[in-house]
Amino acid sequence: MTKVLVVDDQPPNVRLLEAILAPRGYDVLTASSGEQALEQIDAEDIDLVLLDILMPGIDGYEVCRRIRDQVDTAYLPVVMVTASGDEQKVKALEAGADDFLTKPVNQSELLARVASLARIKRYQDTIKRQATELTAWNQELESRVESQVSQLQRMGRLRRFLSPQLAELIVDSGDESFLASHRREIVVVFCDLRGFTTFAEASEPEEVMGVLEEYHHALGDLIFRFEGTLERFAGDGLMVFFNDPVRCEDGPLRALRMSVAMRTRVRGLAEAWGRRGHDLALGIGVAQGYATLGTIGFDGRLDYAAIGSVTNLAARLCADAQPWQILATERVYSAAGDAVIGEDAGLREVRGFSRTVHAYTIRGLDNSRVAS
């Protein structure tokens, strides 16, 4: 229902306008002064104002100017009721009136002007509502974009050391608490290329980079497939661990399956490298033990790292391994189960460790015992 405010200090004039408008379905409110009119406008959602000019206190011109000065009522339709005379009409328009009526008011003219301005007010309300909705949609869109950008940044950070499926799982859950420093038992795989230093010294940098690109691409694919956590690529050296941040019950078996797959994959690359005159082979060390894990670095450059003697042990076994040999500790070999084919490599003095390490050479896998 259209709400019309009739402002006039003469009660007969108010009753006349009310008698014309109310039967036509208009909700008529009244005010007997300019001050009271402004209070009503602040308190009610007025659709149109019928405003007398000559009133004690604040006259109609001043009321209209104040209506126009307020952001919320700047476009509120105002019809000023004037006495005869062009001067009052000009002043009414200058004050901001949308239209005017001359006393005595003609009923048909009044109804026509009120209906016309009420329709305009409805259009204005529609535009205002749509603008508000558009603002809300834009804010929601900005929030969604910000959230998606944040999610992509988190995904990019996690994908540096996790397989895509694990990174996506963690991002979807919104839980990055695993990045905080913690202690856990892990299985570490360390590998590098035999003969790489000699090759790098004798080759052009572009050729070295080409070999590394093939090598990293091949092993990176396997790390993702076996859902290992990549700690780092450092030239030809690579370290992966299992059972963190996502726990896995078959960490030792998974680590050895990945190691065997890596050896097979790199043998294929080595054949092509050999045809180009590069004598390169792979060595791998695997160990199991406790480490402290978490993010290291600084803002803008954070990595996920494992700190502990188990990482050093895997690296030392890798260094002791012969070309194409996979050396695993007895603990890893035993925990991996019957699916792994290996042989005793004896007790070894490992640099940096006071005790000897019982190692096993991993020959391959018994595929009939490996769960798919």
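Predicted model: local features only at pLDDT ≥ 70, side-chain atom pairs only at ≥ 80, totals over all residues.
**Helix 8**
- The buried residues of helix 8 are V208, V211, L212, Y215, A218, L219, G220, L222 and I223.
- An α-helix has 3.6 residues a turn, so residues three or four places apart point the same way.
- After helix 8 comes E227, which has a positive phi, near 60°.

**E231**
- E231 belongs to strand 7, which runs over residues 229–234.
- With a relative accessible area of 12%, E231 is buried, because buried means under 20%.
- Apart from neighbours within four places in sequence, the contacts of E231 are M239, F241, Y304, A305 and A306.

**Cysteines**
- The structure has zero disulfides.
- The sulfur of C191 has its closest cysteine sulfur in C318, 6.4 Å away, which is too far for a bond, because a disulfide needs the two sulfur atoms within 2.5 Å.
- C191 is buried, at 0% relative accessible area.
- C318 also counts as buried, with a relative accessibility of 0%.

**Largest pocket**
- The largest pocket holds about 550 Å³ of space.
- Helix 2 (34–43), helix 3 (60–69) and helix 5 (107–159) are the elements that give two or more residues to the lining of this pocket.
- Helix 5 contributes the most, with five residues.
- There are 20 lining residues, and V71, D72, T73, A74 and K128 lie nearest the centre of the pocket.
- The lining is made up of nine nonpolar, three polar and eight charged residues.

**Second largest pocket**
- The volume of the second largest pocket is about 210 Å³.
- Of the 15 residues that line the second largest pocket, Q288, L313, T329, R331 and R355 lie nearest its centre.
- At least two lining residues come from each of strand 9, helix 10 (309–320), helix 11 (330–336) and strand 13 (356–365).
- By class, five residues of this lining are nonpolar, six are polar and four are charged.

Definitions and conventions: Residues numbered from 1 in each chain as written. Heavy atoms only, no water. Helix = DSSP H or I, 4+ residues; strand = E, 2+ residues; numbered from the N terminus. Buried < 20%, exposed > 50% of the residue type's maximum accessible area, 1.4 Å probe, protein only. Contact = heavy atoms within 4.5 Å. 1 Å grid on protein atoms, 1.4 Å probe; cavity = no way out; pocket = protein on both sides within 12 Å on 5 of 7 lines; lining within 4 Å. Points joined across faces, edges and corners; volume = space filled by probe spheres on them. Nonpolar A, V, L, I, M, F, W, Y, C, P; charged D, E, K, R; others polar.
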